[in-house]
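Please look at the structure before reading on.

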Amino acid sequence: MKALKFLAILILPVTVYISFTNKGLLTLTPIFVFFGLVPLLELLFNPNKENLSKEQEAQEKENKLYTYILYATVPIQLFFLGWFLYMMQDAQLTNIEYIGRISAMGLLCGVIGINVGHELGHRNNRFDEFLGEVLLLSSLNTHFLPYHNAGHHFNVATPKDAATARKNEPLYLFWIRSHFQSYYQAWEVENARLKNSGRSWFHLQNRMLMYTLCNLLLLVGIFFFFGLKALLAFIAAAIFGILLLETVNYIEHYGLVRKQNDKGRYERVKRTHSWNSDHRIGMLMLFNLSRHSDHHYNGSKHYQLLKSLPESPQMPTGYPGMMLVALVPPLWFSIMNKKIQNL
């Protein structure tokens, strides 16, 4: 029964349905809910620092329902993407309605397409990884997998990592640096992997080559079947989802740095190298992503097993609220720089 609480993710497609089937301000329902109502509610509930016991952990590790809930998000994402493309090809909408529906699809791209794709991409079986690739393709962010697994988790909290925000780095500059640097590093990771196995970079096993081809085919297919309006709307929604991801990256590691020894080697990744949040609603909606410290300590651990530990640095509120704070750099710096000093 513990797994059923993660069905809270269904709130998102319900709000997107409201956006897609209404006019005017109601098209902004997902934004109002997830960046208005949720941050307010998280201020009313105490963080949940409870962890599973060893016996419960062993039991929940074998509970396939947690994985089936992830699987269920795949047809949801694809259904809403198809509906969005069909709807936007001849849409006669006001500016508010365009913003509302594009941001609604963008939220799906960020929360389901990228976040669930991230969780499945960490699994050690090809079927789960393939579903993760499908979700990431639906958000035009397929380079995330090779970079995240072989780059970010290895270099986190060092200057080498594209997705670690430097202290006093504004969010808006981080968006650009992180996205394009991670894309470049994804190619580097794949090229090095193929070189080590004696293959050329121009090979069918180069995931970045295949991902790039799939992205291009998807864009051409959307243009061919749905037209230019739908294509531009999809690109805008994908960008919105990618910016959500990069904002999450920003708040997860801001200002945290691993120590270097005399030989220039960095200490191993610890639970002190990611900001943690145990706020209940964000945890449920993002499949425990906000227990990020334990995720980086053990990247292969499934989301239902992630722990809250006292040594992990804590954010003042949940992800949605902290993402809003990050949009105002002076406010963000005033809060988070003090927390860094106190670590």
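Helix α10 (residues 228–253) and helix α13 (residues 319–326) pack at an angle of about 90°, so they are roughly perpendicular to each other (65 to 115 degrees). Their axes, lines fitted to C-alpha atoms over the stretch in contact, are 10 Å apart. Angles run from 0 to 180 degrees between N-to-C directions. Helices are DSSP runs (H or I, at least four residues), numbered from the N terminus.

In the contact (heavy atoms within 4.5 Å), residues of α10 including Leu244, Val248 and Ile251 meet Tyr319, Met322, Met323 and Ala326 of α13. By class, this contact has eight nonpolar, one polar and one charged residues.

## Basis of the model

The model is predicted: local features need pLDDT of at least 70 and side-chain atom pairs 80 or more, while totals for chains, interfaces and linings use all residues. Residues are numbered from 1 along each chain as its sequence is written, and side-chain values use heavy atoms, leaving out hydrogens and water.

## The largest cavity

The largest cavity has a volume of about 350 Å³. A cavity is a set of points on a 1 Å grid over the protein atoms alone where a 1.4 Å probe fits but cannot get out, and lining residues have an atom within 4 Å of a point. The volume is the space filled by probe spheres set on the points, which are joined across faces, edges and corners.

Its lining holds 27 residues, with Gly110, Val111, Val248, Leu286 and Leu289 nearest the centre. Both α10 and α13 are among the helices that each supply at least two lining residues.

Terms used
Angles under 35 degrees count as roughly parallel, over 145 as roughly antiparallel, 65 to 115 as roughly perpendicular and the rest as oblique. Ala, Val, Leu, Ile, Met, Phe, Trp, Tyr, Cys and Pro count as nonpolar, Asp, Glu, Lys and Arg as charged, and the others, Gly among them, as polar. On a 1 Å grid over the protein atoms alone, a cavity is a set of points where a 1.4 Å probe fits but cannot get out, and a pocket is an open set with protein on both sides within 12 Å along at least five of seven lines; lining residues have an atom within 4 Å of a point.
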